[in-house]
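Hi,

Here is the structure I promised to pass on.

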Amino acid sequence: MTGAGVVFLTTFLAAVVEAIEMVTIVVGVGATRGYRYTLIGAAGGLVVLAIAIAVGGIALAAIPIGPLRLVIGSLLLLFGLQWYRKGIVRVAARGLAGYHAQELQEEEEEEGPPESGFDWTARFLAFKGVTLEGLEIAIIVVSFGASAGQLGPSILGGAAAIVVIGATGFAIKGPLERIPRSFLQLVVGTLLTSFGTFWALEGLGVTWPQSDGDIVLLLVFYALSAASFIGLERRARPRLLAVAQS
C-alpha cells in the first residue's frame with residue numbers, strides 16, 4: 001500500500017470512532033423528535049465544520065478541545081438527564097406497549113413541536129453532536145495529513161468515514177422508528193447522558209483509562225441504573241395509588 005493509501009486508511013479508521021458517536025446522536029434524536037429539524041441542525045454543524053476547516057487549516061489542530069468538551073458535555077447532560085428521567089417514568093408506567101392516544105397527546109403537549117413551529121431542541125442537540133465530533137474528526141484529518149504531507153488522502157479518509165457511518169445509521173432508521181417511543185426516549189436519554197458525562201469530565205481534565213471505550217462502560221452503568229429505577233418505580237406505584245384512593 002502506498003503512503004497515500006496508508007494515510008487514507010489510518011484517517012478513515014480513526015475518524016470512524018468519532019463518526020459513530022456523531023451518527024448515534026443524530027439518528028437517536030431524529031427517531032425521537034423527528035428528522036426534519038434534526039437534519040437541519042446536523043447540516044448546520046457540517047457547515048460550521050467546513051468553515052472551520054477552510055479558515056483554520058492546519059491551525060485547527062491547535063484548537064483547545066477541552067473547554068469545548070466541557071461546555072457541550074454539560075449541555076448534553078442537561079438534555080439527556082431530562083429524557084432519561086422521563087423514559088424511566090414512562091417505561092415503568094406503560095412498559096413497552098407503545099403509544100396510546102393519551103400518550104400521543106402528552107408527547108405533543110410536553111415535547112413535540114407544533115406543526116407550524118420549530119423544534120429548537122432537536123436542532124440544537126444535532127448541531128452540538130455534529131460540531132463536536134466533526135471538530136475532532138477535523139483535528140484527526142489535519143494532524144495525520146500534515147504530519148505525513150498527505151492532506152488530500154487524509155481529508156478523503158475522514159469524509160469517507162462520515163459517509164459510510166452516516167449511510168449505515170440511516171439504513172437502520174426504519175427499525176428504530178418502530179421501537180416504542182417511551183423506550184426509545186429512555187435509550188436516547190441514556191446515550192446523551194453517557195456522551196455528556198464522558199465529554200464533560202474530559203473537559204475537566206479527567207483521563208479515561210480506555211479512552212472512547214469507556215463510553216461503553218458509561219452506557220452499561222446508566223442502563224443498569226435505569227433498570228433499577230424502573231423496578232423501584234413499579235413497586236412504588238401501587239402504594240402511591242392506594243394512598244391516593246384512600
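**The core**

The largest nonpolar core has 46 residues, and the members that touch the most others are Ile25, Leu76, Leu125, Leu186, Leu192, Phe195 and Trp199. By nonpolar core I mean a set of buried Ala, Val, Leu, Ile, Met, Phe, Trp, Tyr and Cys residues joined through side-chain atoms within 4.5 Å. Buried is under 20% relative accessible area, exposed is over 50%, and partly exposed is in between (1.4 Å probe, protein chains only). Two or more residues come from each of α1, α2 (35-56), α3, α5 (120-148), α6 (151-171), α8 (181-203) and α9, with α1 giving the most, 11 residues. Helices here are DSSP runs (H or I, at least four residues; strands are E, at least two), numbered from the N terminus.

Before going further, the ground rules: this is a predicted model, where local features need pLDDT of at least 70 and side-chain atom pairs count only at pLDDT 80 or more, while totals for chains, interfaces and linings use all residues. Residues are numbered from 1 along each chain as its sequence is written, and side-chain values use heavy atoms, with hydrogens and water left out.

Leu125, in helix α5, is buried with a relative accessible area of 0%. Leaving aside residues up to four places away in sequence, Leu125 touches Ile25, Val29, Leu76, Phe79, Trp83 and Leu192, where a contact means heavy atoms within 4.5 Å. Its C-alpha is 7.8 Å from that of Ile25, although Leu125 and Ile25 are 100 residues apart in sequence. With the same exclusion of residues up to four places away, Leu76 touches Ile25, Leu125, Lys128, Leu192, Phe195, Gly196 and Trp199.

**Overall layout and confidence**

The chain has nine helices and zero strands. Of its 246 residues, 42% count as buried. Among contacts between residues at least 6 apart in sequence, 85% join residues at least 24 apart.

How far can you trust it? Mean pLDDT (the predictor's confidence in each residue, from 0 to 100) is 77 for the chain, with 76% of residues at 70 or more. Confidence is highest in α6, at a mean of 84, and lowest in helix α4 (residues 101-110), at 45. Residues 98-105 have pLDDT below 50, and beyond near neighbours in sequence that stretch has seven contacts in the model.

(The expected span is 1.5 Å times one less than the number of residues.) Buried residues in α6 include Pro153, Gly157, Gly158, Ala161 and Gly169. Leu9 itself is in helix α1 and is partly exposed, at 38% relative accessibility.

**Aromatic pairs and a charge over a ring**

There are five aromatic pairs in the structure. Phe8 and Phe12 make a stacked one, 6.4 Å centre to centre with 10 degrees between the planes. For reference, rings of Phe, Tyr and Trp (its six-membered ring) pair if their centres lie within 6.5 Å; planes under 30 degrees apart are stacked, over 60 edge-to-face, and the rest tilted. Both residues sit in helix α1 (residues 3-33), four residues apart, about one turn of the helix. Phe8 is partly exposed at 32% relative accessibility, whereas Phe12 is buried at 19%.

The rings of Tyr84 and Tyr222 have centres 5.9 Å apart and planes at 80 degrees, so this pair is edge-to-face. It links distant parts of the chain, with Tyr84 in helix α3 (residues 65-94) and Tyr222 in helix α9 (residues 214-245), 138 residues apart. Both tyrosines, Tyr84 and Tyr222, are buried. Ring pairs also bring in Phe221, linking Tyr84, Phe221 and Tyr222 into a cluster.

Finally, the charged end of Lys128 sits over the ring of Phe124, 4.3 Å from its centre. The criterion is NZ of Lys or CZ of Arg within 6 Å of the ring centre and within 35 degrees of the ring normal.

Cheers
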